[in-house]
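Subject: Structure handover

Hi,

Here is the structure you will be working from. Please open it alongside this note.

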Amino acid sequence: MTSPRQTLGAALWRLSDLVRADEGRRSFRAKAYRTAVWSLDDLSPDLSGSVDVMLAVPGIGPGVLKLIEEFRSSGVIALLERLENQYPRDVARLRRLPRMTPTLLRSLKGELGVDRAADLIAAVDSGAVETLKGVGPTTAERWARALELAPSPKAVPAFQAAALAGSLDRHLTHHKGGRTWVAGAVRRLEEWVDTIDLVAEVEDTVGTGRFLEETAVARFLGYTGAATSRLESHEGVEVRVHLARPDAPGPLLIDATGPPEHAATVLAGIGDDAWSETEVYARQGMVCIPAPARGLPPEQAADVVRSTEIRGDLHIHTERSPDGRMSLADVLTAAVDLGYEYVLITDHTSGLRFGGLDERALAMQREEIDHARDRFPDLVVLHGAELNIDRDGGLDIDDHGLGLLDMAVAGLHSHFDLGREEQTARVLTALRHPVVRILAHPTGRRIGIRPGVDLDVDAVIAAAAENGVALEVNGHRDRLDLSADLAAAAVAAGASLVANSDAHRIGEMGNVANSVGTMQRGGVNAASVINTMPLGRFREWVAGVSRK
Ligand SMILES: [Zn+2]
Ligand SMILES: [Zn+2]
């Protein structure tokens with residue numbers, strides 16, 4: 001039986017998606033509606049209660065209250081119905097496509113009858129999509145390629161699943177107390193996720209089960225066994241919540257993390273005694289295997305690089321980048337808190353479409369960094385930049401300006417559509433420049449948004465190894481670039497890797513864990529990762545002494 005609160009939850013979630021498509025990514029209203037869905041669980045299931053009671057709930061303001069009132073009196077939300085008629089069903093997915101605009105989304109629905117992602121792929125195949133104003137063959141091709149990336153219609157990209165899993169995790173803790181863990185595919189850092197697994201430690205299993213049956217943030221599907229509730233998120237992803245007895249999460253956590261063959265080996269003969277995850281591994285005479293490595297053969301899994309081995313972050317933006325939100329002091333304070341020994345500051349340079357630092361600005365930053373070195377004596381602060389590789393492989397700062405830098409990161413931020421030969425040649429040219437020591441997000445892919453550029457990856461790996469350039473595994477959940485497979489291939493071919501956050505705001509400094517996790521999936525060990533080097537060796541690497 002669906003309660004009014006659950007119906008409203010689904011409606012507000014949908015409205016949030018539609019308003020975001022209509023008003024753009026930064027829509028304040030879209031965000032407020034999404035927040036409100038999480039707040040609904042603080043209201044009664046039948047939505048009874050006075051206006052004052054509702055307004056006292058954090059996350060429910062006057063705008064949302066108006067919608068609740070409308071829904072209570074009429075059972076519908078007029079704005080939702082209007083937008084629903086204007087936009088495709090799969091709007092949440094389609095709005096993220098490159099060069100997509102609200103107008104185009106409306107034309108897709110209104111003129112071509114596109115509702116699902118599959119409809120759009122068909123419209124690209126038939127050429128119908130090119131009858132729309134502003135859509136040429138290049139854009140059409142990009143859309144089709146981006147949509148075809150999904151392995152199944154239900155799967156969502158890692159960044160989306162991780163965000164949802166994190167919110168569910170906090171929501172459960174807030175309402176039911178106890179510790180919760182994100183397990184399953186999200187914890188294993190898979191690129192696409194069709195099921196989110198959470199493990200929650202609760203005293204009151206029955207009460208928690210009932211809470212999940214009635215929640216407004218997902219649709220309840222049923223139970224699997226006594227202690228697992230199955231739900232479907234409003235995004236269509238299945239969510240399994242596994243309830244554990246307090247202080248006994250280890251076996252359940254291992255089981256819910258998977259993959260099944262690994263879990264079966266580790267749990268053989270263990271029962272469900274009160275052990276932590278580490279204790280279960282220890283009892284089997286194994287070291288605790290990081291979740292992303294659990295799909296590997298055991299000997300290889302035990303040896304992978306660990307997050308605790310990372311000694312510095314070599315791709316970080318400050319507020320001097322147009323999209324950066326941290327001061328240099330914020331960055332360095334966070335780096336000290338993370339226990340880092342060194343960092344490389346890499347703001348965007350001027351060739352970027354939306355602007356960046358020119359030589360003069362780099363010189364000013366040099367002074368700022370010199371001052372900061374006095375304030376943070378225990379941290380080695382290197383001055384770098386994230387240079388743009390132009391169409392021909394040139395860099396967007398001349399050699400005089402580059403002389404200011406200790407070393408630099410270079411990356412592709414434009415001309416993603418070049419053919420393989422041209423694309424590869426441009427990257428190889430950039431790799432030969434002596435200031436370039438790191439190739440950022442080498443393929444430029446964004447999971448679920450755009451495929452990587454057409455690149456002869458083997459040639460790039462070989463050139464990186466030859467020129468002493470480390471290939472980045474970018475830690476943004478939507479990038480994870482290089483991928484686990486390519487990271488493994490790079491190591492096999494003798495290239496070095498670097499685990500970087502590419503943080504633009506404080507919360508993103510922790511992205512390094514995603515980078516390390518991706519390497520773990522690829523079976524990479526610390527010897528191939530330059531930012532595991534102790535300071536002395538790292539300094540030699542920077543100076544080029546250990547340059548092959
Ligand atoms: Zn970049
Ligand atoms: Zn960057």
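Below are the conventions, then the metal site, the sheet and the hairpins.

This is a predicted model, in which local features need pLDDT of at least 70, side-chain atom pairs count only at pLDDT 80 or more, and totals for chains, interfaces and linings use all residues. Residues are numbered from 1 along each chain as its sequence is written, chains are lettered from A and ligands numbered from 1 in the order in which they are written, and side-chain values use heavy atoms, with hydrogens and water left out.

**Zinc site**

Start with the zinc ion (ligand 2). H315 (NE2), H317 (NE2), E386 (OE) and D502 (OD) coordinate it at 2.1 to 2.2 Å. Donors here are N, O and S atoms within 2.8 Å of the metal (3.2 Å for Na, K and Ca); water is not among the atoms, so sites may look incomplete. Along the chain, the spacing of these donors is H-x1-H-x68-E-x115-D. The 4 donor atoms subtend angles of 83 to 171° around the zinc ion (ligand 2), so the arrangement is irregular. That label is what remains after these tests: four donors count as tetrahedral if all angles lie between 85 and 135 degrees; four count as square planar and six as octahedral if opposite donors are over 155 degrees apart and all others between 65 and 115.

The zinc ion (ligand 1) has E386 (OE), H413 (NE2) and H441 (NE2) as protein donors, 2.0 to 2.2 Å from it. Their spacing reads E-x26-H-x27-H. H413 sits in the loop between β11 (408-411) and α20 (420-431), and H441 in the loop between β12 (436-439) and α21 (457-467), so the pair ties together parts 28 residues apart in sequence. Helices (H or I, at least four residues) and strands (E, at least two) are DSSP runs, numbered from the N terminus.

E386 bridges the two zinc ions, ligand 2 and ligand 1, which lie 3.6 Å apart. H317 is in the loop between β8 (312-316) and α17 (328-337), while E386 is in strand β10 (residues 380-388), so this pair ties together parts 69 residues apart in sequence.

How covered are these residues? H317 and E386 are both buried. H441 is buried too, at 1% relative accessibility. H413 counts as partly exposed at 22%. The cut-offs are under 20% relative accessible area for buried, over 50% for exposed, and partly exposed in between (1.4 Å probe, protein chains only).

**Sheet**

An open sheet of 7 strands runs in the order β8-β9-β10-β11-β12-β13-β14, with parallel pairing. Strands pair if DSSP finds at least two bridges between them. β8 and β14 (497-500) are at the edges with a single partner strand each, so one side of each has no neighbour in the sheet. β8 and strand β9 (residues 342-348) pair over 3 bridges. I316 has I345 as its bridge partner in β9.

**Hairpins**

Strand β5 (residues 218-224) is antiparallel to β6, with 6 bridges joining them. T224 has T228 as its partner in β6. Their hairpin has 3 residues between the strands, and G225 there takes a positive phi near 65°.

β6 is also antiparallel to strand β7 (residues 238-244), through 5 bridges. T228 partners H242 in β7. This hairpin has 4 residues between the strands, with G236 at a positive phi near 95°. Strand β6 (residues 228-233) is mostly covered, with 5 of its 6 residues buried.

Best wishes
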